[in-house]
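Have a look at the sequence and the structure here.

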Amino acid sequence: MKKKLLVTGAAGLIGSEVVAWFSRFGWEVIGVDNNMRADFFGPKGDTTWNTRRMEAEFADYRCEAVDIRNRDALRALVASVKPDAVVHTAAQPSHDLAASRPYDDFDVNAVGTMNLLEAVRQYSTEIPFVHLSTNKVYGDAPNNLELIETETRWDYADEAYANGISESFTIDQSKHSIFGASKVAADVMVQEYGRYFGMPTCCLRGGCLTGPNHSGVELHGFLSYLIQCNLEEREYTVFGYKGKQVRDNIHSHDVAAFVHAFIEAPRVAEVYNIGGGRNNSVSILEAFELVSAISGKPMKYRYDEQNRSGDHMCYISDLGKMRSHFPAWDITKDLKTTFQEIHDAWILRAA
């Protein structure tokens, strides 16, 4: 009998990668996605194309247009599906949008996660529950670290952070953005259901999660959007920090691989910083150079002195805990490969 996986946010970047990964491993996958991204970001955020693509490609996949804010509908779905594992990727993902729609942000990110946790608990406390959290749970506290400025990036001055930010870093007393605060609430609740009820849960505190299936927009999906701007020769806006702000980027394929590793050997109430690590870190200025080398087009951009509120100057994920708990897992897609795949996907989508 086939195992069943329930994936929320199934038409999004990570959700769709998880759908594809587990489908290829012979699981029956049930997606949950009501295309709320189109409501949040307009036509460019619409993920209907991705839902149709997956339903056509994977025979044992279906998508349910359930709103995770509807706890009765969610509870009924979990009870009827009887999943062997749950991967929760659905979210309102934008800092800027959260500030203008705070109720929607909290209802989706915090209350929606609570609804899913309780629906799963009422069904079974034995099945793995993987939650896609964010590095924004650390707020802007990483900016309090001493930094050095190079020609193209900000970097950590303290050797203790040579491998990046670990899971022991504080999440308290810093500015998170409204989005970051709602994700903190979800993150802590996922941990609590693990500790209090003994459920095998984990929070994956993502750096920049990216890949060719990303419907990147200016308010969310920096790398996908940056590459699209370059290809269409549109002006990209750099918000503060001299364009030297650094992110570590992890391909959605490697995220799905880690999700699988955790589901195969789950642990209770774990937290992992998941990103590309130092080798896959890049500043905006460095990203301009790399995409231009691939596309052959110069990057058009303008500079806005005002940085985004709560934005990180330098954030690199320390992958040490992930690698120690799951030594068979590692990054398989380097930065250049990731850029190339996103570049090729935008060209294909335009055609």
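## A buried arginine

Let's start with R153, which counts as buried because its relative accessibility is 12% (buried means under 20% relative accessible area, exposed over 50% and partly exposed in between, with a 1.4 Å probe and protein chains only). R153 sits in the loop between strand 6 (147-149) and strand 7 (154-156). Helices (H or I, at least four residues) and strands (E, at least two) are DSSP runs, numbered from the N terminus.

The side chains of R153 and E286 are joined by a polar contact of 2.9 Å. Such a contact is a pair of N or O atoms within 3.5 Å; within protein, one must be able to donate a hydrogen and the other to accept it, and residues adjacent in sequence count only if both atoms are side-chain atoms. Beyond its neighbours within four places in sequence, R153 is in contact with residues including K244, R278, S281 and I316 (contact means heavy atoms within 4.5 Å).

## About the model

This is a predicted model, where local features need pLDDT of at least 70 and side-chain atom pairs count only at pLDDT 80 or more, while totals for chains, interfaces and linings use all residues. Residues are numbered from 1 along each chain as its sequence is written, and side-chain values use heavy atoms, leaving out hydrogens and water.

## Helix 8 and helix 10

Helix 8 (residues 222-231) packs against helix 10 (residues 284-295) at an angle of about 50°, and their axes are 10 Å apart. Axes are lines fitted to C-alpha atoms, for helices over the stretch in contact, and angles run from 0 to 180 degrees between N-to-C directions. The two helices are therefore oblique to each other (under 35 degrees is roughly parallel, over 145 roughly antiparallel, 65 to 115 roughly perpendicular and the rest oblique).

Which residues of helix 8 meet helix 10? They are F222, L226, I227, N230 and L231, and their partners in helix 10 are I284, A287, F288, V291, S292 and S295.

## Helix 4 and helix 6

Helix 4 (residues 71-81) and helix 6 (residues 102-123) pack at about 35°, with axes 9 Å apart.
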